[in-house]
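Trainee: I've got a structure open and I'd like to work through it piece by piece. Can we go through some questions together?

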Amino acid sequence: MGIETAVGERRLAKLEDGSTIVLNTASRTRVRMTPEQRSVALDDGEAWFAVATDHARPFVVSAGDVRVRAVGTAFAVRRYLGRAEVTVTEGRVRVWSVAAPERFVMLSAGKQASVADVSGTAETVVANAKPAESLAWRQGEIILDGMTFGDAAAEFNRYNRRQLSVDTQLADRRIVGWFRTDDLDGFARAAAIMTGAKIERDGTDLRIVK
């Protein structure tokens, strides 16, 4: 079974075992249930999983070469740039890469790790998660708490067909605020005020310049 979303779309799907998947913008998954295992391939994008407990059938998410295994828990996986970012909101998960399956990390609730396809967990640093910020997309929100202007613009561009670019002189400035994922204009206005910049329009796209 395939489940996918368009740019700017979120989708909730209930699986036959009682688990729930919430897909973020421009995401694509494939679900396969067998008597031995529940498998989800995250081909693109990001998803949050609330896994129904079934000790006989572990729940395994594959994102590129990265694998995340759980029994009954809740966690998010984001696939990007040859890596997978895993954030656990409930329970524990095991994370590894097929490149080095003997090396793995266990993540508990409130922890986050970014695992590369090639190096696996060898270079992985486990950090405290900020679920209110990193998972705000489930409510259609973006919370910025000191993110650079350049990264914030890239985050908004994930959710909108209209695109926002930032002058290189402003890209490293820090931005704070709460915004709707579809409010590109509101973010641009607020960010321009915070950085003393101005907004230029290129058709429907926006550019913030010094």
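Trainee: Which residue in the turn of the β2 and β3 hairpin has a positive phi?

Mentor: Keep in mind that this is a predicted model. Strands β2 (residues 11-14) and β3 (residues 20-23) pair in the antiparallel sense over 4 bridges, and K14 has T20 in β3 as its bridge partner. Between the two strands of this hairpin sit 5 residues. Look in that turn for a phi of about 100°, and you land on G18.

Trainee: Okay, next the open sheet of 3 strands: which are its edge strands?

Mentor: Start with the order, which is β15-β18-β17, with mixed pairing. From one strand to the next, the twist averages 25°. An edge strand pairs on one side only, and that picks out β15 (164-166) and β17 (198-202).

Trainee: What is the bridge partner of V166 in β18?

Mentor: β15 and β18 (residues 205-209) run side by side in the parallel sense, paired over 3 bridges. Go to V166 and look across to β18: the partner there is I208.

Trainee: And what angle does the direction of α3 make with that of β18?

Mentor: Helix α3 packs on the sheet and touches β15, β17 and β18. Compare the direction of α3 with that of β18, and you get about 10°.

Trainee: Helix α3 also packs with α2. Are those two roughly parallel or antiparallel to each other?

Mentor: For any two packed helices, you describe the pair by the angle between their axes and the distance between the axes. Here α2 (residues 149-159) and α3 (residues 184-195) have axes 11 Å apart, at an angle of about 175°. Angles over 145 degrees count as roughly antiparallel, so the answer for α2 and α3 is roughly antiparallel.

Trainee: How many residues of the contact of α2 with α3 are nonpolar?

Mentor: From α2, the contact uses F149, A152, A153 and F156, while α3 brings L184, F187, A191 and T195. Sort those residues by type: no charged ones turn up and 1 is polar, which leaves the nonpolar count at 7.

Trainee: Let's go to the largest pocket. Which element gives the largest share of its lining?

Mentor: That pocket holds about 490 Å³ of space. Of the 22 residues lining it, those closest to its centre are R78, E133, S134, M147 and E155. Elements giving two or more residues are β8 (74-80), α1 (131-134), β14 (141-148) and α2. With 6 residues, the largest share comes from β14.

Trainee: What about cavities: which element gives the most to the lining of the largest cavity?

Mentor: The structure has 1 cavity of 30 Å³ or more, and the largest has a volume of about 40 Å³. Its lining includes A76, V77, R78, E85 and T87. Both β8 and β9 (83-90) supply at least two residues, but the most, 3 residues, comes from β8.

Notes
Residues numbered from 1 in each chain as written. Predicted model: local features only at pLDDT ≥ 70, side-chain atom pairs only at ≥ 80, totals over all residues. Heavy atoms only, no water. Axes fitted to C-alpha atoms, helices over the stretch in contact; angles between N-to-C directions. Parallel < 35°, antiparallel > 145°, perpendicular 65-115°, else oblique. Contact = heavy atoms within 4.5 Å. Nonpolar A, V, L, I, M, F, W, Y, C, P; charged D, E, K, R; others polar. 1 Å grid on protein atoms, 1.4 Å probe; cavity = no way out; pocket = protein on both sides within 12 Å on 5 of 7 lines; lining within 4 Å. Points joined across faces, edges and corners; volume = space filled by probe spheres on them. Pairing = 2+ DSSP bridges.
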